[in-house]
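Subject: Structure for you to look at

Hello,

Here is the structure I said I would pass on. Please open it next to this message and read the notes below with it in view.

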Amino acid sequence: MRYKKCFLIAPSGNIILKNLSLAKERLKILGFNEIMYRKDILSKCLSYAGSHERRIQEINEAYSSDADVIFAVLGGQGAIHTIDKIDYDAIKNSKKIIVGLRDKTIILNSIFKNTKTRCLHGPNIGKIENLNKKTVDFLNKAINKENYKILFKNEDILKKGVAKAKIMGGNIELLGRSLGTHFEIETDNCILFLEDYKMKSWRVFDILWQLKISGKFDKVKGIILGNFLECEENINDYLKEFFKDFTIPVIFNQEIGHSEPNITIPLGENCIIDTNNLKWSILFN
């Protein structure tokens, strides 16, 4: 990997020393020889990693540093407290890459929407004890802009078809939470990927309807559904019911989100879904 410097941030739930140590250990394995973070990264306010002021300053400081890649240590909650105070003008001039998932969905989409800089829906680096080799491979490919393809099975197809478009998306709950704000996701003419974790099936179903009523599926070109890890056993019944009348390609059970392996998704890059050849691909410009 040609990137060597990284900056750790905790813009959501509070982290403990174990998370920080694990993150540093993982990053060294990935080849980062300089790991930066604020001295107050272990702060706690309520259930968050310090006050929202601290977390906003941390994001802005990460983008003003000489790091190549910014990694979120952990998920949790509270990222929404930061998005209206992030220094988007400064970020526009940055070539940094930011990586995270779950609660980071709202930060990734806000930063990409306002700056078009590189945002990767990938592992929260201080969460997983043992990163799967595929997780590491896809993360490296995404960071280094190397095209990749993922094969799937016939039983993973909800709706057949071929689509090519920019890929956007993230955690369903967070995308729903952003609706009605200046930072809600733009989905027109995109392939949309969606995932969630530890959610009731009916709750996922209702948020999908909320996105539908808000027009977020009106001009979508295709749908990729990740693993809905630790959701209820009947989650696929709800997904099949919701997408049954769609006329665009829809695939599900993909290794995106909280599962291991976890395929990193670069927001705004080209994606192709091809159910005829049972594959979907990420293509970099």
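The model is predicted.

Overall shape. The protein chain has eight helices and 14 strands. Its radius of gyration is 18 Å, close to the 19 Å that the globule rule gives for 285 residues, so the chain is as compact as a globular protein of that length. Along the principal axes, the C-alpha atoms fill a box of roughly 50 × 35 × 35 Å. Of the 285 residues, 59% are buried. Among contacts with a separation of 6 or more, 78% are between residues 24 or more positions apart.

Surface and charge. The accessible surface is about 12400 Å², and carbon and sulfur atoms account for 47% of it. There are 43 positive and 35 negative side chains, with the centres of the two sets 4 Å apart.

Helix H8. This helix covers residues 235-243, and Ile235, Leu239, Phe242 and Phe243 are buried in it. Seen down the axis of H8, the buried residues fall within an arc of 85°, so they line one face of the helix.

Ala72. This residue is in strand E3, residues 69-72. Is Ala72 buried or exposed? Ala72 is buried, with a relative accessible area of 2%. Leaving aside residues up to four places away in sequence, Ala72 touches Ile9, Val99, Gly100, Lys104, Asn124, Ile125 and Gly126. Ser110 is 38 residues from Ala72 in sequence, and their C-alpha atoms are 15 Å apart.

Backbone details. Most residues other than glycine have a negative phi, and most peptide bonds are trans.

- Arg102 has a positive phi, near 55°. Arg102 is in the loop between strand E4 (97-100) and helix H4 (105-115), and counts as buried at 16% relative accessibility.
- Lys145 also has a positive phi, of about 55°. Lys145 lies in the loop between helix H5 (133-143) and strand E6 (148-151), and is partly exposed, with a relative accessible area of 40%.
- The peptide bond from Glu260 to Pro261 is cis, with omega near 0°. Pro261 is in the loop between E11 and strand E12 (265-266).

Regards

Key. Residues are numbered from 1 along each chain as its sequence is written. This is a predicted model: local features need pLDDT of at least 70, side-chain atom pairs count only at pLDDT 80 or more; totals for chains, interfaces and linings use all residues. Side-chain values use heavy atoms; hydrogens and water are left out. Helices (H or I, at least four residues) and strands (E, at least two) are DSSP runs, numbered from the N terminus. The radius of gyration is taken over C-alpha atoms; the globule rule is 2.2 Å times the number of residues to the power 0.38. Buried means under 20% relative accessible area, exposed over 50%, partly exposed in between (1.4 Å probe, protein chains only). Contact means heavy atoms within 4.5 Å. Accessible areas come from the Shrake-Rupley method with a 1.4 Å probe; for residues, only the protein chains shown count as cover. Lys and Arg count as positive and Asp and Glu as negative; His and the chain ends are not counted. The place of a charge is taken as NZ of Lys, CZ of Arg, CG of Asp or CD of Glu. The arc is that of the directions from the helix axis to the C-beta atoms.
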